[in-house]
Amino acid sequence: MKFDDIKYLFTDTTKFFKDVKKESFKRSFLIYLTFGIIINAMASVMYTKDFNLEFFFYPAIFIGVLILSIASFFVVGGMIHLFVLLFKGEGDYFQTLKASAYGAIPSLIVSIPIQGFLLIFTSDMAAIATLIVTLPVTI
């Protein structure tokens, strides 16, 4: 499966999952990680702006968020696999992780423009939210 074949995840899911069935977990995880790194980079800039941190905190935040997101991927994948076993599903833990990775890619792709929008307007949004919360008190 080529990276270009991700489009089948949106247009023909049956074909997509049939094609990736024979792929290794490593390949699916690397594709998931690619999208995750893009989103983590954007989120790290947002956190740096939101909490008025100096920009030199950015690498630490990026690495921390990346480690947490990778760890949560394996933990959530384990919880999903417990449900697979509970309902007498077939496959091992890494097959469940592979399906979870490919199943999460559409939401990751959709979140990139959302993160970009929030990145541009994050400080303004915080000001608006503060105004909305405090406005009834001041009136």
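Me: In this predicted model, which helix provides the largest share of the lining of the second largest pocket?

Reply: Helix α4 does, with eight residues of that lining. As a general idea, rolling a probe the size of a water molecule over the atoms shows where empty space is left. Here, the second largest pocket has a volume of about 230 Å³. Of the 17 residues lining the second largest pocket, those closest to its centre are Y32, S69, S72, F73 and L108.

Me: Which helices each supply at least two residues of the lining of the second largest pocket?

Reply: Three segments are to be named: α3 (25-50), α4 (58-86) and α5.

Me: How does the lining of the second largest pocket divide into nonpolar, polar and charged residues?

Reply: That lining holds 11 nonpolar and six polar residues, and no charged ones.

Me: What is the volume of the largest pocket, and which residues line it?

Reply: The volume of the largest pocket is about 270 Å³. Its lining is made up of F17, V20, K21, V84, E90, G91, Q95, T96, K98, A99 and Y102. By class, these are five nonpolar, three polar and three charged residues.

Me: Which helix gives the most to the lining of the largest pocket?

Reply: Helix α5 does, with five residues. Both α2 (13-20) and α5 (93-138) supply at least two residues each to this lining.

Me: Is S100 buried or exposed?

Reply: The reading rests on relative accessibility, for which buried means under 20%. S100 has a relative accessibility of 18% and therefore counts as buried. S100 lies in helix α5. Leaving aside residues up to four places away in sequence, S100 touches F73 and I80. F73 is also among the residues closest to the centre of the second largest pocket.

Me: What pLDDT does the protein average, and where is confidence lowest and highest?

Reply: As a general rule, where pLDDT is low, the predicted coordinates should not be read in detail. In this case the protein averages a pLDDT of 75, and 74% of the residues score at least 70. Confidence is lowest in α5, with a mean of 66, and highest in α4, with a mean of 87. Over residues 134-139 the pLDDT is below 50, and this stretch has zero contacts in the model beyond near neighbours in sequence.

Me: How many residues do the helices with the lowest and highest confidence give to the pocket linings?

Reply: Helix α5, where confidence is lowest, gives five residues to the lining of the largest pocket. Helix α4, where confidence is highest, gives eight residues to the lining of the second largest pocket.

Notes. Residues are numbered from 1 along each chain as its sequence is written. This is a predicted model: local features need pLDDT of at least 70, side-chain atom pairs count only at pLDDT 80 or more; totals for chains, interfaces and linings use all residues. Side-chain values use heavy atoms; hydrogens and water are left out. On a 1 Å grid over the protein atoms alone, a cavity is a set of points where a 1.4 Å probe fits but cannot get out, and a pocket is an open set with protein on both sides within 12 Å along at least five of seven lines; lining residues have an atom within 4 Å of a point. Grid points are joined across faces, edges and corners, and a volume is the space filled by probe spheres set on the points. Helices (H or I, at least four residues) and strands (E, at least two) are DSSP runs, numbered from the N terminus. Ala, Val, Leu, Ile, Met, Phe, Trp, Tyr, Cys and Pro count as nonpolar, Asp, Glu, Lys and Arg as charged, and the others, Gly among them, as polar. pLDDT is the predictor's confidence in each residue, from 0 to 100. Contact means heavy atoms within 4.5 Å. Buried means under 20% relative accessible area, exposed over 50%, partly exposed in between (1.4 Å probe, protein chains only).
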